[in-house]
Amino acid sequence: MTIQSSTSLRAVTSYDASLKPGFIDPVFDAQAVFRASLLATAYPGRVVSLDRSFTAPRPFSPATAALCLTLMDFETPTWLDHQTSCTEAAQWLGFHCGLAVAEGPMAARFAVVTDPLIMPRLFEFHPGNVEYPDRSTTLIIQVPSLTEGPPTAWTGPGIKTCASVAIAGLPFWFWSDWDLNRELYPRGIDVLFTNGNALIGLPRTITVEA
């Protein structure tokens with residue numbers, strides 16, 4: 001299984017003068033956000049705040065928008081859910097990132113979900129392959145809350161004993177799909193949950209008990 005060729009991608013390049021600006025200082029802001037994403041991945045379940053003042057385009061939260069600016073460019077095919085692809089956020093990504101949009105979840109290196117309740121199942125995203133497990137899809141899932149959802153227990157690398165995490169707004173099947181994703185290791189997708197100006201990392205190595 002391989003990522004689809006660039007012929008399956010369409011570039012978002014339209015410009016609108018009303019588009020919101022990107023980072024104030026692109027280099028240092030991107031570095032700070034990248035460090036925050038690494039921290040969230042290294043310590044799964046920990047709420048990591050992005051210390052950046054940022055105005056995000058609809059329907060993005062500041063954390064979602066900042067991650068997109070930091071991680072995506074014209075070489076990273078990205079799948080956008082319907083709520084995102086039909087809004088100013090898609091134009092904003094095209095203008096600031098030169099983003100190439102993947103036609104489907106399986107073709108994406110990144111995927112942005114702003115309405116988790118109608119998102120594709122996890123097995124519909126690219127899990128990588130044995131030779132290149134790092135070529136899997138990384139999901140950015142924007143949720144209503146990182147602390148007020150059903151309680152779950154996370155264990156695995158980066159967690160000393162057990163982390164109690166309560167992410168709200170996920171579909172009922174999410175954690176059962178995550179169990180199947182975990183069994184694919186070293187293949188499998190990784191997830192970054194966002195809300196407001198904060199994020200939580202969920203690497204494929206983490207076991208979650210709902």
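Ala, Val, Leu, Ile, Met, Phe, Trp, Tyr, Cys and Pro are counted here as nonpolar, Asp, Glu, Lys and Arg as charged, and the others, Gly among them, as polar. On this basis, the lining of the largest pocket divides into eight nonpolar residues, four polar and one charged. The structure is a predicted model.

The largest pocket holds about 210 Å³ of space. Its lining is made up of 13 residues. S37, T41, L71, T138 and L192 lie nearest the pocket centre. Helix α1 provides the largest share, with four residues.

The protein chain as a whole contains five helices and eleven strands. Its C-alpha trace spans about 50 × 40 × 30 Å along the principal axes. The radius of gyration is 16 Å. A compact globule of 210 residues would have a value near 17 Å, so the chain agrees with that expectation. Of the 210 residues, 53% count as buried. Contacts were also sorted by sequence separation. Among those between residues at least 6 apart in sequence, 72% join residues at least 24 apart.

Helix α5 covers residues 174-182. Its buried residues are F174, W175, D177, W178 and N181. Viewed down the axis of α5, these buried residues fall within an arc of 150°, and therefore line one face of the helix. An α-helix has 3.6 residues a turn, so residues three or four places apart point the same way.

Strand β4 comprises residues 100-102 and includes V101. The relative accessibility of V101 is 4%; this residue counts as buried because the value is under 20%. V101 and T194 are 93 residues apart along the chain. Their C-alpha atoms are separated by 21 Å.

Technical notes: Residues numbered from 1 in each chain as written. Predicted model: local features only at pLDDT ≥ 70, side-chain atom pairs only at ≥ 80, totals over all residues. Heavy atoms only, no water. 1 Å grid on protein atoms, 1.4 Å probe; cavity = no way out; pocket = protein on both sides within 12 Å on 5 of 7 lines; lining within 4 Å. Points joined across faces, edges and corners; volume = space filled by probe spheres on them. Helix = DSSP H or I, 4+ residues; strand = E, 2+ residues; numbered from the N terminus. Buried < 20%, exposed > 50% of the residue type's maximum accessible area, 1.4 Å probe, protein only. Arc of directions from axis to C-beta. Rg over C-alpha atoms; globule rule 2.2 N^0.38 Å. Contact = heavy atoms within 4.5 Å.
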